[in-house]
Every structure is written in structure tokens, then in C-alpha cells.
Amino acid sequence: MADQPFLQAKAVSKIYNGKHAAGVRNITIDIKPAIITAIIGESGSGKSTLLRLLYGLLSPQEGRVSFKGEMIWGPEEKLIPGHDQMKMVTQHADDLNLFANVWDNIATLLPNTNLAYKKERSEQLLRQLNMLHMADKKVAMLSGGEKQRVAIARALALKPEVLFLDEPFNQVDTSFREGLQRDIRRIVDETGIAVIMVSHDPAEVLSMADELVVIRNGEIIEHGAPQELYNHPQNFYTAKLLSNCTVLDNQQAKSLGIETELQKVVIYPEWISIVQSFMPKKWIVTHSLFKGPYEELVLTHDDVSIKMFNLEMGKYPLGKGVNIKVSKHLAY
Ligand code: ADP
Ligand code: MG
């Protein structure tokens, strides 16, 4: 059936017992193959719970999860939960054999019935994860990022159709993170695997996701292409999550010439620029944070402070007065 949904959750809920009704509520989502779907939300918003429901590590109290038309059974219905075509990697990478080398950690998952294939496939996985040169190293000797690469290679060994990644890059140094992110993108493009990842890092999900899902208090509040959600967030929560923005109330926003009936005004740093003008320079530089390629300036006027990026390093020292222009704002 060509139009059979790939991985689908329909009205799925899982509420944990406890003081607060935490968990996920009434989740309906269609996951597509051959793309990266990223789930972002505050800590405790239900990201891991949702992932575990989709993977079959948790049983939903209501609703159902299906994979290519087949129901996914949770641990209450099935002894070994999950589906053969799905694999999950978390930030702990805890199923590695630390005392074996990288090669054996991967090869051991492949059947001995075809030794030529076993060798060829192990080599291919190591090449895909840029680990070929480390094949003989003991896993215990590897960095967090390298261990994570081995864990991902292991997850991919038997060619699953879905790979779940729960905050997989948390332990990975920033400098290694981008390489791993690129490698995952390449694997998705080359193999058509569906990747579903969870993160609370906006930079990560914005650059990696094809489809971005925003979860708040256990509910999906919006989803779409990262560019769309970043530029036109329907919810204040999404804007706050995805950007390092300034939030003003509508009275404060008046000092920027913004008139609105709505309560909250959101301005991204890149929407503010310093302009030349004969008007009194009422905005004063009150903080300046060196960020390497740019500075983050805080400009203050009366009780209003706003953040902006400045590429002309050192041009606006503390105490300097400037005029500004706001090219765009959002209101909620
Ligand atoms: P996230 O991954 O977004 O940080 P989780 O899905 O881990 O969020 O958790 C969502 C909410 O459910 C949190 O409030 C968390 O404390 C609660 N929770 C998670 N697992 C359990 C559990 N096994 N028992 C009770 N509450 C839980
Ligand atoms: Mg989590």
C-alpha cells in the first residue's frame, strides 16, 4: 500500500501518577521516512516520554502507535518491547562493550552466516560514522563523542528503518558535534532512514531538522519546517525556545514605536540595527558580551533593555548612546 502511513501516533496519552499530571496528552503525529524529525521542548515537557511511546518502550494509556499499518506494542503487551525495524540511542550510549575494540562492538551484532558480508558491513558502518581509523581502539579509551558514534553505528548495523536519538549530542564537545550532525544528515540522505531526535538545543534542531515539532506540557503545540517556525512562531513559547529574544510588555514596546493591544512583544536580536540619525541618542550600551565573531549588546532606555548583535567589534563601547531601528517584531 503506497499511501500507508509510515510511523504514526493517534491520540496517544501517557500520564504518570504523581502530584502533577505529567506525561504526554493526546499526541497525534505522522513521522515520515527519509527525513529528520526533531522534537523540541523545555525540560520536563514530555519529549523522552513521546519518544519512548513511539518506540514501544512505554504503553500508551489511550490512543495507538502504528508502524506501516502494524500496531506497536508496549511492554505491557509484549515481552521485548519495540519493533525490529527501530533502534534508539540515548546520551548514555550504555550498551557498549567498553573492553572490546570499536570493530568488535559493531561486528558482533552481525550474523556469522556470511563472514564476507559481516566484514564488508562493519567496514561500511565505520566509514559512515568516520570511525574506520579507530577500528582497533578499545571503546573505554574513546571520548564521549566517539563512543556516541560507535553507539550510532551499532544501532544502524541491522539496517533499521527508524532511528531514535534522545539528546544524543549532550556529552559531545561542540567542535565534534557539527561533524556528527553532518554525518547523520548524510546517512539519512543515503539510506532513507527516518531519524527522530529530541533536543532542547535550538541551534541543533534548527540546523538538523526537516520537520520540527514543539512540545509544551505534554502537548504538541505546533510543527513545521524550522525556517517557518523560527520566523513565524504561532506561540510565544516557540519563539522563546528557538531564539535568544527580548520580551517586552506592550507599554515597554512603545519606546520602540511598536503599538499593539497584545500583551507581549518579542524581538529577535537580528531584527535590531543601529542607525545614523540626528535624533537624540537615547539608547545606551549597558552590556557587551564578546561572542567571537560578533558582540551581543544590551541597549537600555529607561526601564527597557533589548539585545542585539553587533558585527563591528568595539565600535559601540559601554555608555555610548545610539539610535536604533527595529525591522520586525512578534506580538502575543
Ligand atoms: P523531557 O524529556 O521533555 O525532559 P520527560 O518525558 O522525561 O520530559 O518527562 C515529562 C514529565 O514526566 C516530567 O515532569 C517528568 O518528571 C515526568 N516523568 C517522566 N518519567 C516519569 C516516571 N517514570 N514516573 C513519574 N513521572 C515521570
Ligand atoms: Mg528527556
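Two strands count as paired if DSSP finds at least two bridges between them. Helices (H or I, at least four residues) and strands (E, at least two) are DSSP runs, numbered from the N terminus. The model is predicted: local features need pLDDT of at least 70, side-chain atom pairs count only at pLDDT 80 or more, and totals for chains, interfaces and linings use all residues. Residues are numbered from 1 along each chain as its sequence is written, chains are lettered from A and ligands numbered from 1 in the order in which they are written, and side-chain values use heavy atoms, with hydrogens and water left out.

**Exercise 1.** Determine which strands pair with β14, and in which sense.

*Solution.* 
Step 1. Strand β14 spans residues 283–290 and pairs with β17 (residues 321–326) in the antiparallel sense, over 2 bridges. Within this pairing, Ile-284 has Gly-321 of β17 as its bridge partner.
Step 2. β14 also pairs with β15 (residues 295–301), again in the antiparallel sense, over 6 bridges. Here Phe-290 is bridged to Glu-295 of β15.
Step 3. The hairpin of β14 and β15 has 4 residues between the strands, and Gly-292 takes a positive phi near 90 degrees.

**Exercise 2.** Describe the extent and secondary structure of the annotated domain.

*Solution.* 
Step 1. The unreviewed UniProt entry carries the annotation "domain: ABC transporter" for residues 7–242. UniProt positions are given in the numbering used here, feature names are shortened, and annotations may be inferred rather than shown by experiment.
Step 2. In the model, the end C-alpha atoms of residues 7–242 lie 26 Å apart, and the span is 34% helix and 25% strand.

**Exercise 3.** Characterise the largest cavity by volume, lining and residue class.

*Solution.* 
Step 1. On a 1 Å grid over the protein atoms alone, a cavity is a set of points where a 1.4 Å probe fits but cannot get out, a pocket is an open set with protein on both sides within 12 Å along at least five of seven lines, and lining residues have an atom within 4 Å of a point. Grid points are joined across faces, edges and corners, and a volume is the space filled by probe spheres set on the points.
Step 2. The whole structure holds 1 cavity of 30 Å³ or more, and the largest cavity has a volume of about 40 Å³.
Step 3. Its lining includes Ile-152, Leu-163 and Val-195. The elements giving two or more residues to this lining are α4 (144–156) and α5 (174–191), and α5 gives the largest share, 3 residues.
Step 4. Ala, Val, Leu, Ile, Met, Phe, Trp, Tyr, Cys and Pro count as nonpolar, Asp, Glu, Lys and Arg as charged, and the others, Gly among them, as polar. The lining of the largest cavity comprises 8 nonpolar, no polar and no charged residues.

**Exercise 4.** Identify the volume of the largest pocket and the element that supplies the largest share of its lining.

*Solution.* 
Step 1. The volume of the largest pocket is about 240 Å³.
Step 2. β6 (86–90) and α4 each supply at least two lining residues; the largest share, 4 residues, comes from β6.
Step 3. By class, the lining has 7 nonpolar, 1 polar and 4 charged residues.
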